Amino acid sequence: MTTLRSEDWAVRPSFVPNGPTSPVVLLADDTTLTQLAGIPVVAWQTPWSEISALELIRFSHQMALFATIGGVRYCWRHRDLTDYDAVRTLVLEHGGVVSRRRRRAGVLVVVGVVVLASFAGGIAAWFNRGSHQVNEPADATSVNLTRNDLPGAWDHTSNAVLNYLVPPAGKIYRFTNTTTTTAPAQNSSFAKAATVFQSCLGVTGRHDRIYGAAGQQPDIQVSSPIFTTNALGGIELASTTQYYRTTAMVEKDTHEMSMTNFGTCFVQSSASLILSGFGLTAPTTVVATKWHPPTFLKGWRRGGVVDITVPGVSAKLQLVMVVITHGHFEVTLSAIVESFAKSQALLAHEANVLVSRVTSTTSRAV
């Protein structure tokens, strides 16, 4: 069997909440795969018998290694092809799959599986998860978009730009009903996004309910699959639903989100999270625009649109974020599009679908 020591990887998601994701060294022998991550180094050792769905994808100048461990899909990314041959041999020896893909203009495909929860009113909850059990997962899941809500030809995708923003489809996260008490590392993706948002909105971290210390955690959080289509120039689309224990919690979040510039600030901070996944910093010169999608029902909603340049995709892209609140629910619609002008009507329709589900006890996904 092949032995391996390969350096300079980055992993998503982290092996523990808010844990180190780079630099990563991968070690392999006959029995285990070991990851050394962070400074100082923290080691995780996993027997090959507990690793499934091993996959190595080669792009023109970089590679990504996928594996499922304990029900979680991890991605290790390397910015060049150093040690590619050795990693390829290792994957094949352990029953994995090796493939090669080209990145084409106009196709919204970027490798990465990242669990960064950028969802209004509960983003801070990601860093302080607990084991509190409630009975709302079915309700939260039934709010999210399904394939039946989308017109024309759509597919599920696991390799997408939105992977840097949307957690794994159908995975139910339960939280304790407390606020975040530990601030993330100063240079973390979360901290950078928080700075972008709070500076834009004009709110301090202490009083911010979206990224800051004032944020309250939902009971339940669950995301839809990421859907994709080549129609209208190309679209990636997903929704994430959070169920809060009391309507007062949602009302307090909605109060902050009702500030005039919330939509533009939220989409800019979301773009910062995506670009951080690529090791980049969001440009300060890009100006977002707010969007208030028209809906037939009275659910609260605000959104924004911003241009985003993604490594490996030559097409000009736009990130669209819409937040919808009503009752116990807060729902985030996330989309990557090549043309907001072309896709605006479709996105407004999907926003209407989500509004109808949080405002009606009978309108649920099928």
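Two strands pair if DSSP finds at least two bridges between them. Helices (H or I, at least four residues) and strands (E, at least two) are DSSP runs, numbered from the N terminus. The model described here is predicted: local features need pLDDT of at least 70, side-chain atom pairs count only at pLDDT 80 or more, and totals for chains, interfaces and linings use all residues. Residues are numbered from 1 along each chain as its sequence is written, and side-chain values use heavy atoms, with hydrogens and water left out.

**The sheet**

- Strands of a sheet pair through backbone hydrogen bonds, either parallel or antiparallel.
- An open sheet is formed by eight strands in the order E4-E3-E2-E1-E7-E6-E5-E8, with mixed pairing.
- Strand E4 (42–47) and strand E8 (97–100) are the edge strands, and each pairs on one side only.
- On average, neighbouring strands of this sheet are turned by 30° against each other, direction ignored; axes are lines fitted to C-alpha atoms, for helices over the stretch in contact, and angles run from 0 to 180 degrees between N-to-C directions.
- Strand E5 (residues 51–58) and strand E6 (residues 63–69) run antiparallel and are joined by six bridges.
- In this pair, Leu 56 is opposite Leu 65 of E6.
- Helix H1 (residues 84–93) packs on the sheet and touches strand E1 (4–12), strand E2 (24–28), E5, E6 and E8, where contact means heavy atoms within 4.5 Å.
- The direction of H1 makes about 145° with that of E5.

**The disulfide**

- A disulfide is a pair of cysteine sulfur atoms within 2.5 Å, and the count by this rule is one.
- Cys 200 is joined to Cys 265, with S to S at 2.0 Å.
- The link of Cys 200 and Cys 265 is left-handed, with -75° about the S-S bond.
- Cys 200 lies in helix H3 (residues 189–201) and Cys 265 in helix H5 (residues 262–277), 65 residues apart, so the pair links distant parts of the chain.
- Cys 200 is partly exposed at 26% relative accessible area, whereas Cys 265 is buried at 0% (buried means under 20%, exposed over 50%, partly exposed in between, with a 1.4 Å probe and protein chains only).
- Cys 75 also counts as buried, at 3% relative accessibility.

**Helices H3 and H5**

- The axes of H3 and H5 come within 8 Å and cross at roughly 160°.
- H3 and H5 are therefore roughly antiparallel (angles under 35 degrees count as roughly parallel, over 145 as roughly antiparallel, 65 to 115 as roughly perpendicular and the rest as oblique).
- Among the residues making the contact are Phe 190, Val 196 and Cys 200 of H3, and Phe 262, Cys 265 and Leu 273 of H5.
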